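The sequence and model come next.

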Amino acid sequence: MLETFLTHLQGPLLSLWGPFVILVLCGLGLPIPEDLILLVAGALAHIEDRSWLAVSIIMYVAVLAGDTLIFMGGRHLGGRLLESTLARQFFPPEKRLRVEQFYARHGAKGLFLARFLPGLRSLVFFSAGSLGVPLLTFLLLDGLAALLSVPVFVGLGYWLWARYGHDLAQFSAVLEQVHDWSLGLVAMAVLVVLCLVWRRVRAGR
């Protein structure tokens with residue numbers, strides 16, 4: 001999969017807007033790991049000599065756009081869509097029950113946590129929209145979670161291509177390992193941010 005993306009998304013236009021479109025579709029339920037697309041976007045940024053930070057901002061917009069579309073789908077379509085035959089194939093009753101239990105346990109902060117749960121993310125966001133969660137609350141919580149994850153994976157993709165890009169097979173193998181460790185990497189990023197904030201707060205006293 002990685003070789004396919006890297007081969008077909010190269011070029012001034014596709015290397016930037018290809019991952020953008022795929023990430024929006026991932027927000028709508030496309031069964032492709034989002035972190036892999038972010039890693040590829042970082043690698044393509046290096047290949048095309050773009051700033052990883054600028055690419056991170058664009059990918060951040062794509063992630064929020066996809067999440068917001070599914071949230072607004074829940075707001076306007078609600079439970080009617082979930083009862084359709086097609087929706088029941090993608091979101092069987094047992095999966096919906098898991099989402100309901102998850103949301104009942106975590107409440108609004110579940111929107112933050114859902115960003116790191118690919119198997120439940122879309123349904124949690126859709127359910128939040130159908131339950132009338134304010135759009136601003138959704139954007140704040142989901143946006144904060146994406147702010148902690150998107151730059152991490154784009155930056156990693158950029159750095160890994162600089163180090164392993166001479167060997168596509170090795171680069172793909174490393175990216176697969178990074179994908180396996182994705183939750184731990186995000187947790188580390190959150191910990192680093194919290195430590196920096198704590199140091200800044202203590203220094204301001």
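Helices (H or I, at least four residues) and strands (E, at least two) are DSSP runs, numbered from the N terminus. Helix 2 is followed by Gly-29, whose phi is positive, near 115°. Likewise, Gly-132 comes after helix 8 and has a positive phi, near 85°.

The model is predicted: local features need pLDDT of at least 70, side-chain atom pairs count only at pLDDT 80 or more, and totals for chains, interfaces and linings use all residues. Residues are numbered from 1 along each chain as its sequence is written, and side-chain values use heavy atoms, with hydrogens and water left out.

**Overall fold**

The protein has eleven helices and zero strands. Of its 205 residues, 44% are buried; buried means under 20% relative accessible area, exposed over 50%, and partly exposed in between (1.4 Å probe, protein chains only). A contact means heavy atoms within 4.5 Å. Among contacts between residues at least 6 apart in sequence, 75% join residues at least 24 apart.

|---|---|---|
| Helix 2 (residues 14–27) | ten of 14 residues | Gly-29, near 115° |
| Helix 8 (residues 121–130) | nine of ten residues | Gly-132, near 85° |

Two packed helices are described by the angle between their axes and the distance between the axes. Axes here are lines fitted to C-alpha atoms, for helices over the stretch in contact, and angles run from 0 to 180 degrees between N-to-C directions. The axes of helix 2 and helix 3 (residues 34–47) come within 10 Å and cross at roughly 170°. Helix 2 is therefore roughly antiparallel to helix 3; angles under 35 degrees count as roughly parallel, over 145 as roughly antiparallel, 65 to 115 as roughly perpendicular and the rest as oblique.

From helix 2, Ser-15, Pro-19, Ile-22 and Leu-23 meet Glu-34, Ile-37, Leu-38, Ala-41 and Leu-44 of helix 3. The residues of this contact are seven nonpolar, one polar and one charged. Ala, Val, Leu, Ile, Met, Phe, Trp, Tyr, Cys and Pro count as nonpolar, Asp, Glu, Lys and Arg as charged, and the others, Gly among them, as polar.

**Nonpolar cores**

A nonpolar core is a set of buried Ala, Val, Leu, Ile, Met, Phe, Trp, Tyr and Cys residues joined through side-chain atoms within 4.5 Å. The largest has 30 residues, and Leu-23, Leu-38 and Met-59 are among those with the most contacts inside it. Helix 2, helix 3, helix 4, helix 9 and helix 10 (168–180) each give two or more residues to this core. Apart from it lies another core of 16 residues, among them Phe-116, Val-124, Phe-125 and Val-133.

Leu-23 touches Glu-34, Ile-37, Leu-38, Met-59, Ala-62 and Val-63, not counting residues up to four places away in sequence.

**Two single residues**

Asp-142 is in helix 9 (residues 135–164) and counts as buried because its relative accessibility is 0%. With residues up to four places away in sequence not counted, Asp-142 touches Leu-64, Asp-67, Leu-111, Arg-115 and Phe-125.

Leu-77 lies in helix 4 (residues 52–82) and, at 41% relative accessibility, counts as partly exposed. Leu-77 and Ser-130 are 53 residues apart in sequence, yet 7.3 Å apart in space, C-alpha to C-alpha.
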